[in-house]
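Visitor: Please take a close look at one part of this model, a pair of packed helices and the loop regions beside them. Then set that part against the rest of the chain.

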Amino acid sequence: MSKIKRIGVLTGGGDCPGLNAVLRAVVKAATQEHGLEVIGIEDGFGGLIEGRLRRLTVQDVSGILPRGGTILGTTNRDNPFKYPVILENGQRVYKDKSAEIMDTLSGQGIEALVIIGGDGSLSIAREFHEQGLPVVGIPKTIDNDLSATDATFGFDTALVTATEALDKLHTTAESHHRVMILEVMGRYAGWIALEAGIAGGADVILIPEIPFDYAKICAKVVKRREQGKRFSIVVVAEGAKPLGGEMVVQQVIADSADPIRLGGIGNVVGKQLEACTGMETRVTVLGHLQRGGSPTPFDRILGTRYGVKAVELVAKGEFGKMVSLRTPDIVAVALEEAVGVLRTVPLDSDLIRAAKSVGIGFGD
Ligand code: F6P
């Protein structure tokens, strides 16, 4: 039995399918197996700063396994080490709220924190750990871009959504003899585009790791038409960029832990392709549909395993760690190893080789 009696749990950063599966596993394992009380923190670090906490019982997490989103709420804006405060004169200043948070936690008798998040939230987790707070991290993101784990939950569900979108675009593209472009998320990594593109039979996949040449994409679409294929399917990762060009940034958000909002490359590519091929080209931006919906069995299982392992680490007093999938095992890695280095698609990836072998173009 653990010496710790009460733990806190929060979900930070963008949501993704599987968060509720993790919360359910944390609460069930903590209360039923280790005799720990669990306090849920609402809306990520923002809720922690504002003291919005509530007890989570087994009843509270009953029935949430298949639900998307997070019952706790989340935000990708609040960084407690650089929290924006507006003074009476209207001036915006940044305050370090970490000491207040430490006081809130000890006032509530919370002795350890389980932080479920992506690179941004796990970096904050690491800073808290360095300040002496016992923390354990759990990796989540649809982008699958954390280097210290084979997989983050949420990615598989996003992949299914993107693949289904491609299947649907295929039939209408074929009927109307159009070029269909699907823009998907993924930030600076091309995993969603690459894997959905292979699974959905795309003709061209554009990812941030391989800057593309418009002339090559055009040539590919035109060649298909000459071969009797009067439609083409192009998947574009939101972070893809042309050779010598830049990523398309939709918005820069002040005070956000994740200030660069990508998006818009699909329309840019669409205009260029329509001009150079003369074929009607339509663009679909899949957007937040990729973050919603019921998690796939893979994400439910991975989320459950992560939640159970995180509580086991808390019970053993192993802090400053992140749970990680090192297939087939769930292991613990140091938080400093887990953050800061993004896992992008390696150029020598077997996935790229296989895609090229079945005729998919990358515009390179
Ligand atoms: O990191 C997950 C993610 O969905 C990225 O793929 C995307 O760029 C970003 O979050 C979108 O964030 P927001 O929900 O703030 O628009």
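Guide: A residue counts as buried when its relative accessible area is under 20%, as exposed when that area is over 50%, and as partly exposed in between. By that scale His-177 is partly exposed, because its relative accessible area is 33%. Keep in mind throughout that this is a predicted model.

Most residues other than glycine have a negative phi. A second residue of this kind is Arg-187, in the loop between E8 and helix H6. Arg-187 also is not a glycine, and its phi is positive, at about 55°. Its relative accessibility is 21%, so Arg-187 counts as partly exposed.

Now the two helices. Two packed helices are described by the angle between their axes and the distance between the axes. H5 covers residues 155-176 and H6 covers residues 191-199; they pack at an angle of about 50°, with 9 Å between their axes. H5 and H6 are therefore oblique to each other. The crossing of H5 past H6 is right-handed. On the H5 side, the residues that meet H6 are Phe-155, Ala-158, Leu-159, Ala-162, Thr-163 and Leu-166, and their partners in H6 are Trp-191, Ile-192, Glu-195, Ala-196, Gly-197 and Ala-199. Sorted by class, this contact has 9 nonpolar, 2 polar and 1 charged residues.

What lies around H6 apart from H5? The buried residues of H6 pack against H5, but also against strand E8 (179-184), strand E9 (204-206), strand E10 (232-237) and helix H11 (350-357). Those buried residues are Trp-191, Ile-192, Ala-193, Leu-194, Ala-196 and Gly-197.

Pro-17 belongs to the loop between strand E1 (6-11) and helix H1 (19-34). With a relative accessible area of 0%, Pro-17 is buried.

The axes of H1 and H9 come within 7 Å and cross at roughly 40°. That angle makes H1 oblique to H9. This crossing is right-handed. From H1 the contact includes Ala-21, Val-22 and Ala-25, and from H9 it includes Arg-300, Gly-303 and Thr-304. Its residues divide into 9 nonpolar, 4 polar and 2 charged. H9 (residues 297-316) also holds Lys-309. Lys-309 counts as buried, because its relative accessibility is 17%. Beyond its neighbours within four places in sequence, Lys-309 touches Val-323, Ile-330 and Val-331.

Another pair is H7 (residues 214-226) with H8 (residues 265-277), whose axes come within 10 Å and cross at roughly 55°. H7 and H8 are therefore oblique to each other. H7 passes H8 in a right-handed crossing.

Last, the setting of the part you asked about. The chain has 11 helices and 15 strands. Its radius of gyration is 22 Å, close to the 21 Å from the globule rule for 364 residues, so the chain is as compact as a globular protein of that length. The C-alpha trace spans about 70 × 55 × 35 Å along its principal axes. Buried residues make up 52% of the chain. Among contacts with a separation of 6 or more, 71% join residues 24 or more positions apart.

How values were computed:
Residues numbered from 1 in each chain as written. Predicted model: local features only at pLDDT ≥ 70, side-chain atom pairs only at ≥ 80, totals over all residues. Heavy atoms only, no water. Axes fitted to C-alpha atoms, helices over the stretch in contact; angles between N-to-C directions. Helix = DSSP H or I, 4+ residues; strand = E, 2+ residues; numbered from the N terminus. Parallel < 35°, antiparallel > 145°, perpendicular 65-115°, else oblique. Left-handed = near helix turned anticlockwise from the far one by under 90°. Rg over C-alpha atoms; globule rule 2.2 N^0.38 Å. Buried < 20%, exposed > 50% of the residue type's maximum accessible area, 1.4 Å probe, protein only. Contact = heavy atoms within 4.5 Å. Nonpolar A, V, L, I, M, F, W, Y, C, P; charged D, E, K, R; others polar.
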